[in-house]
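This report is written for a reader who is meeting the structure for the first time. The sequence and model are shown below.

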Amino acid sequence: MPTSEVKIEHVYDIHVFCCINVRAKDHPRSSCAARGSIDLQKHMKDRAKELKIKNIRINKAGCLERCELGPVLVIYPEATWYRYDTTDDIDDILNQHIIGGQCVERLILKNDQKVPEPTTESRIKLRVRGIKKLTRDVKKIEFVPETKGLLPTFTAGSHINIITPNGHRRSYSLANSPKQRQYYEIAVLRESDGRGGSAWMHDSLALGDSVEASLPTNNFPLDKSAEHHLLIAGGIGIVPLLSMGRALYEKAASATLHYCARGPEFTPYAKEVKEVFADHVHFHHDGGNPKNGIDLQKILATPTENTCIYVCGPSGLITAVQNAASHWPEGMVRFEKFVSDRQEPVHRNSDTAFDIVLSRQRKTLSVPPGKSILDVVSDAGLYISSSCKEGICGSCKVRLLGGQAEHRDNFLRNDEHQKSIMICSSRAKRGETLILDI
Ligand code: FES
Ligand code: FES
């Protein structure tokens, strides 16, 4: 029994432990390191220093035995557990929890939680507050929340999936600045050979109508470390780039836009683009012949350090930019595609069954020929976001933790093939088992 009271003084006010445990690549539980915790812990330390947070210690830790939820960190003295995936998550934890004293609800882990939530899609209800024709074939549509308040946060380059009356999901990029959360703005091109989603948006959707949508997701984010941003848009591909331009303008970041369309009357958002990019926008009107469009060889001739290229538009434009920038440092071209240029079907006669291990769920499932990984995972009652189901939109991207995949998508870059897989279209190489971050 202590004979006198000892006053315990904390050496640090805040102590953070980030698991950076590494396991073998074929381990079914995988590890926080395989999900990116080593870089994220470093980012947290660097950001805390930049933010001049005093009396904090951000330590590397071994396995914290919550591997299925990882990467995980715990903050003492209050013992708050978080899972995190991105540098944005870490920034929110630092700004909101550590500096602001408010929990980051979307990342918090309950004490008894065993698997990540949600396993069903979170949807929001939106109401149409404005429709405006931008060109002959393009309509701008603004949505506000059904109930009062702000809409969920998003970052420039994000999209939402609108659920059509027949239950289909259609992806639309957001055009507004992430600071404007009173509404979401999208633009819809009427596609004569589309799957009906654009015709419904053009012909049936009316002011005051309600729709269901997914929460915003971003497969096409800005590179925060870039010093200059070179944006290249083809037609309706301007939409996410306009949102990026607006976000960059608010930060006074350096950006240039090349915007190609058939002619002035086919150029949605021309006025807004001029307002945002001022002298840094170049319009190219090609009359429908790409040869008369942007001189990519010229504008991409010299790789510029710390410049990130973003391209959105038809697949021909994306391929042309990738080819013209092939001598640029790897990973400096980011793109978002709208239309498939698939040569072969997703399912092939030669396909065989293979196993997948869902590392977070501690489950092994078999994927038979004729079914995709996405089908099998959905049949098991788990929700993974998806839209095109052809490997082009990026919605169903999942981290690949082990095994060799046969990539059949048009979305991932070659340097992403070891770490990610599009589960709507890609499979395992013969004899391989895939360990997925699900
Ligand atoms: S590997 Fe991070 S909690 Fe186990
Ligand atoms: S659902 Fe679009 S890439 Fe898989």
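## Val128 and its surroundings

Leaving out residues up to four places away in sequence, Val128 touches Ile141, Glu142, Phe143, Leu205, Ala206, Leu207, Gly208 and Asp209, where contact means heavy atoms within 4.5 Å. The model is predicted: local features need pLDDT of at least 70 and side-chain atom pairs count only at pLDDT 80 or more, while totals for chains, interfaces and linings use all residues. Residues are numbered from 1 along each chain as its sequence is written, chains are lettered from A and ligands numbered from 1 in the order in which they are written, and side-chain values use heavy atoms, with hydrogens and water left out.

Val128 is found in strand β5 (residues 123-133); helices (H or I, at least four residues) and strands (E, at least two) are DSSP runs, numbered from the N terminus. With a relative accessibility of 1%, Val128 counts as buried. Buried here means under 20% relative accessible area, exposed means over 50%, and partly exposed lies in between, with a 1.4 Å probe and protein chains only. Although Val128 and Leu207 are 79 residues apart along the chain, their C-alpha atoms are separated by 5.2 Å.

## The six-stranded sheet

Strand β5 belongs to an open sheet of six strands in the order β8-β7-β10-β5-β6-β9, with antiparallel pairing. The edges are formed by β8 (169-173) and β9 (184-189), each of which has a single partner strand, so one side of each is left without a neighbour in the sheet. Direction ignored, neighbouring strands of this sheet are turned by 40° against each other on average. Two strands are said to pair if DSSP finds at least two bridges between them.

Five bridges join β5 to strand β10 (residues 210-214), and the two run antiparallel. Within this pairing, Lys125 has Glu212 in β10 as its bridge partner, and Leu126 has Val211. The antiparallel pairing of β5 with β6 extends over seven bridges; Arg127 stands opposite Val144 in β6. A hairpin of four residues joins β5 to β6.

## Ser158 in a loop

Ser158 lies in the loop between β6 (138-145) and β7 (159-163). Its relative accessible area is 2%, so Ser158 is buried. The side chain of Ser158 reaches the backbone oxygen of Thr155 at 2.6 Å. Neighbours within four places in sequence aside, Ser158 is in contact with Ser173, Leu174, Pro216, Thr217 and Asn218.

Another open sheet has four strands in the order β2-β1-β3-β4, and its pairing is mixed. At its edges stand β2 (56-61) and β4 (80-83); each has a single partner strand, so one side of each is left without a neighbour in the sheet. Neighbouring strands of this sheet are turned by 20° against each other on average, direction ignored.

Strand β3 (residues 72-76) pairs with β4 in the antiparallel sense over four bridges, and Leu73 has Tyr82 in β4 as its bridge partner. Helix α1 (residues 37-50) packs on the sheet and touches β1 (14-19), β2 and β3, its direction making about 170° with that of β2. Helix α2 (residues 87-99) lies across β1, β2, β3 and β4 and runs at about 15° to β3. For these angles, axes are lines fitted to C-alpha atoms, for helices over the stretch in contact, and values run from 0 to 180 degrees between N-to-C directions.

## Helix α4

How many of the 13 residues of α4 are buried? The number is 11, so the helix is largely enclosed by the rest of the structure. Among the buried residues are Ile238, Pro240, Met244, Arg246 and Leu248.

At 1.5 Å a residue, the 13 residues of helix α4 (residues 238-250) should span 18 Å, and the end C-alpha atoms are 18 Å apart, which agrees. This expected span is 1.5 Å times one less than the number of residues. Just after α4, Ala252 takes a positive phi of about 55°.

The protein is divided into domain 1 (14-107), domain 2 (123-214), domain 3 (228-337) and domain 4 (354-436), with bounds from an automatic or database domain assignment. Taken over C-alpha atoms, the centres of domain 1 and domain 3 are separated by 36 Å.

Gln361 lies in the loop between β16 (354-358) and β17 (363-367). At 17% relative accessibility, Gln361 counts as buried. Neighbours within four places in sequence aside, Gln361 is in contact with Val115, Pro116, Leu382 and Ile438.

Notes:
Polar contact = N/O pair within 3.5 Å; in protein donor to acceptor, adjacent residues only side chain to side chain.
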